[in-house]
Amino acid sequence: MIPKVFKEVIDLGDGREISIETGKLAKQAHGSVVVTSGKCMLLCTVVSNYKQSDVDFLPLTVDYREKFAAAGRYPGGFFKREARPSDSEVLTMRLVDRVLRPLFPKDYHAETQVMIQLMSHDENVMPEAMAGLAASAAIQLSDFPFECPISEARVGRIDGKFVINPTRAQLAESDIDMMIGASADSVMMVEGEMDEISEEEMAEAIKFAHEAIKVQCAAQVKLAEAFGKKEVREYEPEREDEDLAKKIYDMAYDKVYAIAKAGSAKQERSASFSEIKEEIKATFSEEELEDFGDLVSKYYSKAEKTAIRDLTLNEGLRLDGRKTDEIRPIWCEVDYLPSTHGSSVFTRGETQALATVTLGTSRDANIIDTPSYEGEESFYLHYNFPPFCTGEARPLRGTSRREVGHGNLAQRGLKGMIPDDCPYTVRVVSEVLESNGSSSMATVCAGTMALMDAGVKITRPVSGIAMGLISDADSGKYAVLSDILGDEDHLGDMDFKVTGTTEGITACQMDIKVKGLSYEILVNALKQAREGRLHILEKLTDTIAAPAKSVKEHAPTMITRRIPNEFIGALIGPGGKVIQELQKETGTTIVINEDPVTEEGIVEVLGVGTDGIDAVIAKIESLLFSPTVGEVYKVKVIKMLDFGAVVEYIDAPGNEVLLHVSEIAWERTENVSDVINMGDVFEVKYFGVDKRTRKEKVSRKAILPKPEGFVERPPRDNRNSRDNKGRDNRGRDNRRES
């Protein structure tokens, strides 16, 4: 039986389009779609259990995988099977999850799984830009309780013109790379990197992407209507008790408000709030708590959140006593770790990050090998968030998705300031030692100082700040919070992180929880963030004003040389013998790469101290040495012969040439040692390749003054020439008798 296929097409302009179809594949899933653009095809399936889970949250799993077969490739490594997801896949999962999760009902707790798979790859299409569209379209075909369709779009800007879902080649020319997630009426998520753009430019990019998303949301609605929209499933909602909610609100609100207004440290404040909660619980019997104790905790949390929000909106005060635009105290230190190539400590309030920098060669680059992209990163950042930084003890189970995401944000904020001519591969590692509000932005600040401490010539220092927004639609009041606490992260209607320099924004990450946030409020929030960034930046530059003039004594120095491709073999030697011995003798690391564009070899020499590097450079220069006819060079005698001496060019060790006995002096030289000896250093003139001997010719006598009255003997060829009778010029008959 031929399946009935339903399809909608979205026009992206420039001759590009995206199609969404269903009805052909994965029909046992609760919803499935194939999203196609060019030769790129994504299959997305969604399934949700009909029974609620015994948890108080939505157990949603978003999984995005790229199949190597999609690009006609084998997985790298020993095992020829896709294994754990790559960082880029994890980042795509996070982008989709952040937009989907808020649109499920808060009391919907069924196990839900969204699986997105790249089934066919097109090198001109970046598949992650369509992952959000695929996920939402599949959900629209299901019976899930889901508020409204959403989509995500990637936006770039080339020569001042915005582009939706640019190709990788276009992104290389773009000064903006942003992913925006939104519904038809509200922007919900923004993440990306920029080349120091303004707040207004960022808002314009978001607007442009949102217009494209509206079209994609409309296409999903049309597809669902054509397919036959299913009735939303029934599920057992959470219990509610309005009388109990009001009772707990009345018991908690004023007490929480007073404690919040007093302003206190995290542990003291948490203890006080816990005490209020326990006092409220004490008013109920054990039987009542056993029956609706979960509701008591739920309604207390709501009352606490309302009181803290009201304090900020009414009085402009925050949990720790700060004003809305006030930054917590900051202290910084550089060169903290004696053995690293660069290090720094950044502490802002109760958040602390220790950053280290390691310098290496291109051999240390981070290799990226995915079906949709093969390449390498010469600058990368790793972020670690151990449990002790929040005073917790929990299992260690490898790098979390959160660590990947926060590290990527910090990396994007800094990487634009690494100059193109930086010779090193640079790795930054951030160890979060304390966390109470935006450790990723602390990582950016610590990373900036560590890079400067290591002597990396960054273009400009970068700082980062986490912001929040609390608003009240009824009164029209709103408050933008600078440098938010961990406790404030979940209280607001928007939280966002912005990194940048004095010239503009370099990266951002936003999660917007309120519908219909105006662009005016967004721009105002970004401008307040700029003031906070510049304040923090001043603290950084007070600690270290500019990059160190050179790397540390124990850090490696990198020298790069370009050589013609024909000399690479001589430098490597048979079986790598020459380069291996040279590395061993000089204590350096030598890496050779070929530039296919210029057809040159790029030689990287990495070593601690200058002696070893100088020796390698001397070897390279000697390989490239080519004397010029008519020039004078200083040489050293390295070997004595009966008919001359072998001399070595002083400025090009390893390059030797024969100085013939006839070119040592104007006078006849019977014994070479009568004039020169082993180790003698003198100058010679280079005459190029002798046509008769086909060997290079140098002369010492050519730069010596000719003795007065000296008569040069005729050339040896003339003395040995024969007359027409077969006799030489000495009258001897050299003909053989027959």
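Me: What joins β23 to strand β24 (residues 600-607)?

Reply: The join consists of 7 bridges, and β23 and β24 run antiparallel. Two strands are called paired if DSSP finds at least two bridges between them, and β23 and β24 with their 7 bridges therefore qualify. One of these contacts is that of Ile590, whose bridge partner in β24 is Val605. The model is predicted: local features need pLDDT of at least 70 and side-chain atom pairs count only at pLDDT 80 or more, while totals for chains, interfaces and linings use all residues. Residues are numbered from 1 along each chain as its sequence is written, and side-chain values use heavy atoms, with hydrogens and water left out.

Me: What makes β22 (557-564) and β23 (589-595) edge strands?

Reply: The open sheet has 3 strands in the order β22-β24-β23, with antiparallel pairing. Each of β22 and β23 has a single partner strand, so one side of each lacks a neighbour in the sheet. From one strand to the next, the twist averages 20 degrees.

Me: Which strands does helix α14 (residues 611-624) touch as it packs on the sheet?

Reply: Helix α14 touches β22, β23 and β24, where contact means heavy atoms within 4.5 Å. The direction of α14 makes about 10 degrees with that of β22. Such angles run from 0 to 180 degrees between N-to-C directions, with axes as lines fitted to C-alpha atoms, for helices over the stretch in contact.

Me: Why is one side of β11 (330-334) and of β16 (379-384) left without a neighbour in the sheet?

Reply: β11 and β16 stand at the edges, each with a single partner strand, so one side of each has no neighbour there. This open sheet has 5 strands in the order β11-β12-β13-β17-β16, and its pairing is mixed. The twist averages 15 degrees from one strand to the next. Within the sheet, strand β13 (residues 351-360) and strand β17 (residues 425-434) run antiparallel, joined by 9 bridges; Ala353 has Val432 as its bridge partner in β17. Helix α9 (residues 439-453) lies across β11, β12 (342-348), β13, β16 and β17, at about 145 degrees to β12.

Me: Why is strand β26 (residues 644-649) described as largely enclosed by the rest of the structure?

Reply: Buried means under 20% relative accessible area, exposed over 50%, and partly exposed in between (1.4 Å probe, protein chains only). In β26, 5 of the 6 residues are buried, so the strand is largely enclosed. β26 pairs in the antiparallel sense with strand β25 (residues 632-641) over 6 bridges, and with strand β27 (residues 656-660) over 5 bridges. The β25-β26 hairpin has 2 residues between its strands, whereas that of β26 and β27 has 6, with Gly654 in the turn at a positive phi of about 95 degrees.

Me: Why is Leu704 called partly exposed?

Reply: Its relative accessible area is 32%, which lies between the limits of 20% and 50%. Leu704 occupies the loop between β29 (696-699) and α15 (716-719).

Definitions and conventions
Helices (H or I, at least four residues) and strands (E, at least two) are DSSP runs, numbered from the N terminus.
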